[in-house]
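Subject: Structure for your files, with notes

Hello,

Please find the structure below. My notes on it follow, grouped by topic.

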Number of protein chains: 2
Amino acid sequence: MQSRKFSIGIDIGGTNTVFGIVNRRGDLLCQSSLPTTGYPHPEALLAAIRSALLPKIEELGQEEFNGIGIGAPGANYYTGEITIAANLHWQLPVALSKLATAAFALPCAITNDAKAAAIGEMTYGAAKGMKDFILITLGTGVGSGFVANGQLIYGHDGFAGELGHTTAVRDGRACGCGRKGCLERYASATGIVATAMEQLASLPQEKQTEQIEDSLFLSWQRQGHITASDIYRAATAGDPLALNTFSYTGRILGQALADAVAITGPQAIILFGGLTQAGHHIFNPVKAYMEEHLLSIYKNKVALLHSLLPQNDAAILGASALAWQDA
Amino acid sequence: MQSRKFSIGIDIGGTNTVFGIVNRRGDLLCQSSLPTTGYPHPEALLAAIRSALLPKIEELGQEEFNGIGIGAPGANYYTGEITIAANLHWQLPVALSKLATAAFALPCAITNDAKAAAIGEMTYGAAKGMKDFILITLGTGVGSGFVANGQLIYGHDGFAGELGHTTAVRDGRACGCGRKGCLERYASATGIVATAMEQLASLPQEKQTEQIEDSLFLSWQRQGHITASDIYRAATAGDPLALNTFSYTGRILGQALADAVAITGPQAIILFGGLTQAGHHIFNPVKAYMEEHLLSIYKNKVALLHSLLPQNDAAILGASALAWQDA
């Protein structure tokens, strides 16, 4: 199979599914999206994806296709099934890999989005040539993919890499998983908004930050709520509350990364996802606090990198990379 | 090399070095020990080990030997060197693997004791047939060896597996590594003594525990200090302070293990080393707190096991197993 040129990448999200055809260099030859919620069962979605891709598949030649990779919430690499996934409306379990193979007559591998992103970075992105690294997705939640000895760590049951559900703050914020103080409750888009709301609630009477046109306080007054983008904008405008919010978030995440480094000893940590659009506002405190808390043997040795997968195509590229792994 | 029958295991400690000849089933055919501190440089120690083993090597036939495995503090699997090791008196760096190969005319692999123990459990012990597990050594310090996809995680620089130096208590006890609140400061023999001393210091005036003949308080009064064995004996006699000490230690370790499980998703965690001699006094609270803090997908799925390497031979067996790995 090594000589086959193309693979199909599919990223199934709770709301939308994106998919495309990718070559071995990571060029996206075509792509499209469909509303996940528009399909009552996964067979229907897969059939629609196939219809959308068929002209391109026929043009390139079915025999040139290596396989399909799918990133989906709760997807188990070992079983090819989704058994639990809070944000999918389908009746579970779903034998996703088997259904995709039936629909496309191609081998299929599945895993969750963070693990797919890790393989994507290793195949086409910032982790090319690396054998030991950690990828962290900072989005609505916090996901992670750990690679050691050149292989993704799936764990015994296929669910390894849940750094987002390790304890960042003992007895901290309640998490949807039933635990308390999970990293995900602090270092995600929702987490940083919660931190900013705490900061707003603790504001003294004379609110100095009203002076700044793009302050968090004004965003909140105007809209009745704030978003991660509001915090980023306010930080860029110099709002101290927003800067404190990023500093606090960076401290929590940096401390967690220092501990993760002690366990798997990576060459680099790659940050990926929505929150990384805040650039130095998030990277600088994460880096500073990670270095402060690293064991001395790791200080100034672990690179903190931006993802090199184009943000808009990353989900498809990550999923497609799974198909090369299995080849 | 697959057909060669024997390997040499050497465990170099700060005080003593133990070594022996092991077959593929993990039987120890001969063993001995030498004082590490009696040798001004490692060449002299290796020559003495060779002299001690030579009769047996000649009896079995040098051509039947597969290689040498050495466990030593700070030993780097990749470079074959020891560059930093607080408790070795030799001038560092030492090209240990090269020196051993020169002395014995056999290939040599080296790593630290916890990683050697992990490979030992995988080869002869409780982790036979497992591809994903964590070994934890609870001795003077806390060491760990993480195995994923059937391979030990050495990390990019060879120093992965430092669970003992992840943060168990934020801003907690000062650690020799320069950090604060490291797991090692709580879940080791020295850590449990520190916890017991804290408990003793907080005793109210009327000391109920004096009633118990083997109480911690009496041990401390008699000797002016206490040891991990005193705590174990007092717990067995029902002393509430000693039981609280184990419960606290088990909580800290159980919480740390729950987080480690979220990262690498092991099938089992194997506890190894001096502190495990306390049996259910340590296993029960570790298990209970680990289960309480595990992500729901892992609850009641991760076995907490005793090492199956005989305590006295474990260091040699672990080191010898390294030699089969490389074969």
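Where in chain A does C175(A) lie? C175(A) is found in the loop between strand 8 (151–152) and helix 4 (184–187) of chain A. Helices (H or I, at least four residues) and strands (E, at least two) are DSSP runs, numbered from the N terminus.

Before the rest, the conventions. This is a predicted model, in which local features need pLDDT of at least 70 and side-chain atom pairs count only at pLDDT 80 or more, while totals for chains, interfaces and linings use all residues. Residues are numbered from 1 along each chain as its sequence is written, chains are lettered from A and ligands numbered from 1 in the order in which they are written, and side-chain values use heavy atoms, with hydrogens and water left out.

Two buried residues

C175(A) has 9% relative accessibility and therefore counts as buried (buried means under 20% relative accessible area, exposed over 50%, partly exposed in between, with a 1.4 Å probe and protein chains only). Leaving aside neighbours within four places in sequence, C175(A) is in contact with H165(A), C182(A) and R185(A) (contact means heavy atoms within 4.5 Å). From C175(A) to H165(A) the C-alpha to C-alpha distance is 8.5 Å, at a separation of ten residues in sequence.

L253(B) belongs to helix 8 (residues 240–264) of chain B. Its relative accessibility is 0%, so L253(B) counts as buried. Not counting residues up to four places away in sequence, L253(B) touches L138(B), L183(B), A187(B) and V286(B). L253(B) and A168(B) are 85 residues apart in sequence, yet their C-alpha atoms are 7.9 Å apart in space.

Helix packing

Axes here are lines fitted to C-alpha atoms, for helices over the stretch in contact, and angles run from 0 to 180 degrees between N-to-C directions. Angles under 35 degrees count as roughly parallel, over 145 as roughly antiparallel, 65 to 115 as roughly perpendicular and the rest as oblique. For residue classes, Ala, Val, Leu, Ile, Met, Phe, Trp, Tyr, Cys and Pro count as nonpolar, Asp, Glu, Lys and Arg as charged, and the others, Gly among them, as polar.

In chain A, helix 8 (residues 240–264) and helix 9 (residues 280–293) pack at an angle of about 40°, with their axes 7 Å apart. Helix 8 of chain A is therefore oblique to helix 9 of chain A. The contact of helix 8 of chain A with helix 9 of chain A divides into ten nonpolar, seven polar and one charged.

Also in chain A, the axes of helix 3 (residues 113–124) and helix 10 (residues 314–325) come within 7 Å and cross at roughly 75°. That makes helix 3 of chain A roughly perpendicular to helix 10 of chain A. Among the residues in this contact are I119(A) and M122(A) of helix 3 of chain A, and L317(A) and W324(A) of helix 10 of chain A. By class, the contact has ten nonpolar, five polar and no charged residues.

In chain B, helix 5 (residues 189–201) and helix 6 (residues 216–223) have axes that come within 11 Å and cross at roughly 95°. Helix 5 of chain B is therefore roughly perpendicular to helix 6 of chain B. A196(B), M197(B) and L200(B) in helix 5 of chain B meet L216(B), F217(B) and W220(B) in helix 6 of chain B. This contact has six nonpolar, no polar and no charged residues.

Aromatic pairs

In chain A, ring pairs link Y77(A), Y78(A) and Y154(A) into a cluster.

Backbone

A cis peptide bond with omega about 0° joins L92(A) and P93(A), and P93(A) is in the loop between strand 4 (65–71) and helix 2 (96–104) of chain A. In chain B, L92(B) and P93(B) are joined by a cis peptide bond, with omega about 0°.

N300(A) is not a glycine but has a positive phi of about 60°. N300(A) lies in the loop between helix 9 and strand 10 (303–306) of chain A, and at 68% relative accessibility counts as exposed.

Regards

Notes: Phe/Tyr/Trp six-rings, centres within 6.5 Å; stacked < 30°, edge-to-face > 60°.
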